[in-house]
Amino acid sequence: MTTPHPTLRPPSPITPASPASPPSPPSPQYRITAPRILRSEWHKLHSLRSTWITVVSAVVMVLGVGLIMGGTYTSGGGDSDVDTIVLTLYGSMLGQLCLIVLGILMTAGEYATGMIRSSLTAVPTRLPVLWAKAVVFAATVFTVMFATALITFAAAQAFLHDTDQAASFTDPGILRALAGNAGALTLLGLIALGLGVLLRSVPGAIGAFIGGVMILPEILGMLPYDAVERAIMYFPTQAAGALGSATPIPGTVSPGPALLALLLWAGTTLAAAALALNRRDV
């Protein structure tokens with residue numbers, strides 16, 4: 001009996017292994033876009049208790065003082081030569097303090113709580129965060145304060161309709177002055193917002209605004225120089241007063257140059273804040 005021999009097969013050729021293709025990077029689920037940054041800043045703004053406190057306080061001060069001025073006014077008194085909008089919105093000088101604090105809290109407040117680290121980690125390019133804060137703040141403050149100015153003017157005129165301060169929305173310069181008052185408060189708040197980024201301190205930014213924007217012009221006004229007096233008319237608070245008046249106020253510039261001056265002040269402050277935000281560590 002013979003044992004069968006196994007059949008010998010030729011060796012199969014060895015094919016080189018194909019190189020493994022590099023794994024494709026996972027596509028990000030979310031992308032950083034301007035609308036999303038704006039939505040994030042809006043959510044942070046309206047979800048904070050301090051926002052509601054400061055905004056409601058500003059509205060109450062403007063409306064409350066306007067009603068008091070309208071209810072206690074008598075024709076031929078010491079305020080008969082005061083512009084109607086200035087008289088009605090006299091509380092804006094108190095309300096602006098609340099909005100200044102709000103602008104500073106939007107920026108310096110995040111440095112105080114450490115929230116700025118999360119904001120800049122989510123948006124490494126940094127500057128879109130600042131622009132989003134400025135846009136959200138400006139849109140919110142202008143809308144609220146313009147509506148407040150309209151309501152305050154209408155409510156005050158219920159008391160002033162039979163006095164020498166009677167006016168209506170259709171009178172020349174009234175709507176322009178009401179919008180100018182809201183715009184001036186908004187731009188002053190943007191200056192405060194930029195100071196918050198520059199100083200990174202809520203008390204420091206408030207002190208810098210009060211000292212540099214509100215008190216410094218009064219001190220400079222004591223100097224007996226015409227050039228200084230003309231320059232002071234373009235300072236933020238003086239320009240804001242010119243914007244919120246339906247008739248020209250002696251010693252102030254016209255509304256056009258006043259608006260341009262305020263825009264330059266706010267733009268310069270925000271530009272300096274952007275430069276500091278981009279160069280400094282968090």
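What follows is a short chat about a predicted model of a protein chain.

Q: What kind of model is this, and how are its residues numbered?
A: The model is predicted, so local features need pLDDT of at least 70, side-chain atom pairs count only at pLDDT 80 or more, and totals for chains, interfaces and linings use all residues. Residues are numbered from 1 along each chain as its sequence is written, and side-chain values use heavy atoms, with hydrogens and water left out.

Q: How many helices and strands are there in the protein chain?
A: The chain has eleven helices and zero strands. Helices (H or I, at least four residues) and strands (E, at least two) are DSSP runs, numbered from the N terminus.

Q: And what share of the chain is buried?
A: Of the 282 residues, 39% are buried. Buried means under 20% relative accessible area, exposed means over 50%, and partly exposed lies in between (1.4 Å probe, protein chains only).

Q: What share of the contacts comes from residues 24 or more positions apart?
A: Among contacts with a separation of 6 or more, 77% join residues 24 or more positions apart. Contact means heavy atoms within 4.5 Å.

Q: OK, helix H8. How many residues does it have?
A: H8 has 19 residues, 202-220. From its first C-alpha to its last it reaches 26 Å, close to the expected 27 Å. The expected span is 1.5 Å times one less than the number of residues.

Q: Where in H8 is the kink?
A: The kink is at Met 214, at about 30°, shortly before the proline Pro 217. The bend at a residue is the angle between axes fitted to the seven residues ending there and the seven starting there.

Q: Which residues of H8 are buried, and what do they pack against?
A: Val 202, Ala 205, Phe 209, Val 213 and Pro 217 are the buried ones. They pack against helix H4 (92-113), helix H7 (174-199), helix H9 (226-232) and helix H10 (236-243).

Q: What happens at the start of H8?
A: There, a side-chain oxygen of Ser 201 comes to within 3.1 Å of the backbone nitrogen of Gly 204. A polar contact is a pair of N or O atoms within 3.5 Å; within protein, one must be able to donate a hydrogen and the other to accept it, and residues adjacent in sequence count only if both atoms are side-chain atoms.

Q: Which residues does Glu 41 contact?
A: Leaving aside neighbours within four places in sequence, Glu 41 is in contact with Glu 110, Val 129, Ala 132, Lys 133 and Val 136. Glu 41 is in helix H1 (residues 34-46), and it counts as buried because its relative accessibility is 3%.

Q: And how much space is in the largest pocket?
A: About 500 Å³. Its lining has 20 residues, with Val 86, Leu 89, Met 93, Ala 240 and Gly 241 nearest its centre. H7 gives the largest share, four residues.

Q: Last one: what does Ala 156 touch?
A: Not counting residues up to four places away in sequence, Ala 156 touches Gly 66, Leu 67, Gly 70 and Thr 88. Its C-alpha is 7.5 Å from that of Met 69, 87 residues apart along the chain.

Notes
On a 1 Å grid over the protein atoms alone, a cavity is a set of points where a 1.4 Å probe fits but cannot get out, and a pocket is an open set with protein on both sides within 12 Å along at least five of seven lines; lining residues have an atom within 4 Å of a point. Grid points are joined across faces, edges and corners, and a volume is the space filled by probe spheres set on the points.
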